[in-house]
Amino acid sequence: MPTTAPTEAIAHYESLAKQRLDHGPAWLRPIREQAIARLADLGLPTRKHEEWRYTDPARLTQTNFTLPSDRATVTAEQVARFAIPDLDAHTLVFVNGRYVAELSHIGKLPEGVTVLPLNDALDKHRDRIEPHFAEEGEPSSKAFTALNAALCDDGVFVHIAENKQLDKPVLLLNIMAGTDEPTITNPRTFFLGDANAEGTIVERYVSLDDSVYFTNAVAHVEAGQGAHLSHYLIEEESPKAFQLSTLLTEQSRDSNVDSHTMLFGGELVRNNCNPRLNGEGGDCLVNGLYMPTDHQHMDNHMRVEHNAAHCDSRQFYKGVLNGHGRSVFSGRIRVEIDAQKTDAKQTNANLLLSDDADATTKPQLEIYADDVKCTHGATIGQIQDEAIFYLMARGVDRTSARAMLVYAFAAESLERMQLEPVRNMLGKMILHRLPQGDMLEHLLEY
């Protein structure tokens, strides 16, 4: 049943939160109570909030989402449909937000590496989880991170000890299935690497049907001194789904974190990314591609915080929009007064494939240091007739020429990914969204 105002939605979420208060260890209860109080304080956003000006959250807040039941079952054959070809991974499967051991295969882990469903880790690793459970993130996402803390039911804990490495990626496969009523899930991911640790985690969100639901995911990545961590987010939600994902990263001295986000599904998607470079010599890459079509709306909200000197950050986000698809990119680089010798670059490029597609881009710099190198650039355009003519002059038909140019534009996002099986799968997914994609797939020998 729809609500009529965010205040009614808050009351609804407060009632859901009461059902979650005793879920988990005793130390979690006051955190949940504080989170729902914080949500009531903050309120849910409306378009009057500047950071939501171009994305109408009413589509998200005017639905009474319920907590998922235990009824959904998913078979191994259904899980196999979402296997990433050639990817050897420690795999955890979640159905409607809850870990399913019999569908997962974590396997043998290297010495010094811990991979656990969150509910198994809450007591064993309280010291590493508790400080971050109430993490708020940047201002525009605080209400939803609070909602996640209040309602979180499950998730994952990955920890790599000092000087240790993950031998293969950790894959989190989140499957939504058979929800009769609109439901909300609040997965939480903790990906922690101590000094000089190395590892990769892949979060994939898929659906077996076209249910209406809301995924409110929060991932916390913490890179110790000299650590190198990679995070992938692949979003393929139901065409009627809402997803709000928030990635919070904390980096120590000389650490390196790269984030890769691919948005394909969902009706309304909001992707918040908030790296914080807290130690000198840190480096972060924020890479992404979004492809809204029909009436999909995809909003990418970046905030890179330089809090220490001699750090580098690179943001590369691209959009390919078709049909009545709409996108928003809001990117802010904030450089604090002590973050001298910062080198930061932000690029957002959008390709419109139809007259009805619409892209909004809003790059921003907020700089308090005086010895920095910061740049940003943004473009919105269509395929140039000259480029199509160039290919047609070499015997390529117009449709194929157009597909080649679109793929070349989008594939630049893939080139920054080190994980080859994921890169190849995403390349095919891009091709399948293009006319003549099969022909290109053959030529590219995927």
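I started at the end of a strand: Gln 251 has Leu 277 in E13 as its bridge partner. Widening the view, I found strand E11 (residues 242-251) joined to E13 by 10 bridges, the two running parallel. I counted strands as paired when DSSP finds at least two bridges between them. Helices (H or I, at least four residues) and strands (E, at least two) are DSSP runs, numbered from the N terminus.

A note on provenance: this is a predicted model, where local features need pLDDT of at least 70 and side-chain atom pairs count only at pLDDT 80 or more, while totals for chains, interfaces and linings use all residues. Residues are numbered from 1 along each chain as its sequence is written, and side-chain values use heavy atoms, with hydrogens and water left out.

Next I checked E13 against strand E15 (residues 297-306): they pair in the parallel sense over 8 bridges. Leu 268 has His 297 in E15 as its bridge partner.

How many residues of E13 are buried? I got 10 of 10 for residues 268-277, buried being under 20% relative accessible area (1.4 Å probe, protein chains only). Both faces are covered, with Arg 270 and Asn 272 among the buried residues on one side and Val 269 and Cys 273 among those on the other.

Then the helices: H1 (residues 6-20) packs on H2 (residues 28-42) at about 180 degrees, axes 10 Å apart. Axes are lines fitted to C-alpha atoms over the stretch in contact, and angles run from 0 to 180 degrees between N-to-C directions. So H1 is roughly antiparallel to H2, a label for angles over 145 degrees.

Technical notes
Buried < 20%, exposed > 50% of the residue type's maximum accessible area, 1.4 Å probe, protein only. Parallel < 35°, antiparallel > 145°, perpendicular 65-115°, else oblique.
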